[in-house]
Amino acid sequence: MIYFKLNTLLKQLNYSRNQFAQISGVRPNTINDMCNGNTKRLELDTLTLILKALNKISENHVEISDLMEFREEK
């Protein structure tokens, strides 16, 4: 299962979900779904926008592995 760490990253960066949606150009519902673990599918263009926005607001370079990870289902 893919687990998104966007909610944790946004808290570390002191950005609300709505602020981040505006900065990234991604729909707020998509950001909320990612933060709540309800994402069923994700377009590569959307993933690119999210990573670009994270790198814009973060002092450290954000990699895809900082945003998501794979966890085996038990």
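Me: Which residues lie nearest the centre of the largest pocket?
Reply: This is a predicted model, in which local features need pLDDT of at least 70 and side-chain atom pairs count only at pLDDT 80 or more, while totals for chains, interfaces and linings use all residues. Residues are numbered from 1 along each chain as its sequence is written, and side-chain values use heavy atoms, with hydrogens and water left out. A pocket is an open set of points on a 1 Å grid over the protein atoms alone, where a 1.4 Å probe fits, with protein on both sides within 12 Å along at least five of seven lines, and lining residues have an atom within 4 Å of a point. The largest pocket is lined by 16 residues, and those nearest its centre are I2, Y3, F4, G37 and N38.

Me: Which element gives the most to the lining of the largest pocket?
Reply: Helices (H or I, at least four residues) and strands (E, at least two) are DSSP runs numbered from the N terminus. Two or more residues of the lining of the largest pocket come from each of β1 (2-4), α1 (6-13) and α3 (28-36). The element that gives the most, with three residues, is β1.

Me: What is the volume of the second largest pocket?
Reply: A volume is the space filled by probe spheres set on the grid points, which are joined across faces, edges and corners. Among the residues that line the second largest pocket are R27, D33, K40 and T46, and α3 provides the largest share of this lining, three residues. The volume of the second largest pocket is about 170 Å³.

Me: How many salt bridges does the count come to?
Reply: Side chains of opposite charge can pair when their charged atoms come close. A salt bridge is counted where a side-chain nitrogen of Lys or Arg is within 4 Å of a carboxyl oxygen of Asp or Glu. One of them joins R71 and E69, at 2.8 Å from N to O, and by this rule the count comes to two.

Me: Is R41, which forms a salt bridge with E43, buried or exposed?
Reply: Buried means under 20% relative accessible area, exposed over 50% and partly exposed in between, with a 1.4 Å probe and protein chains only. The closest N and O atoms of E43 and R41 are 3.4 Å apart, and E43 is partly exposed at 49%. Because its relative accessible area is 69%, R41 is exposed.
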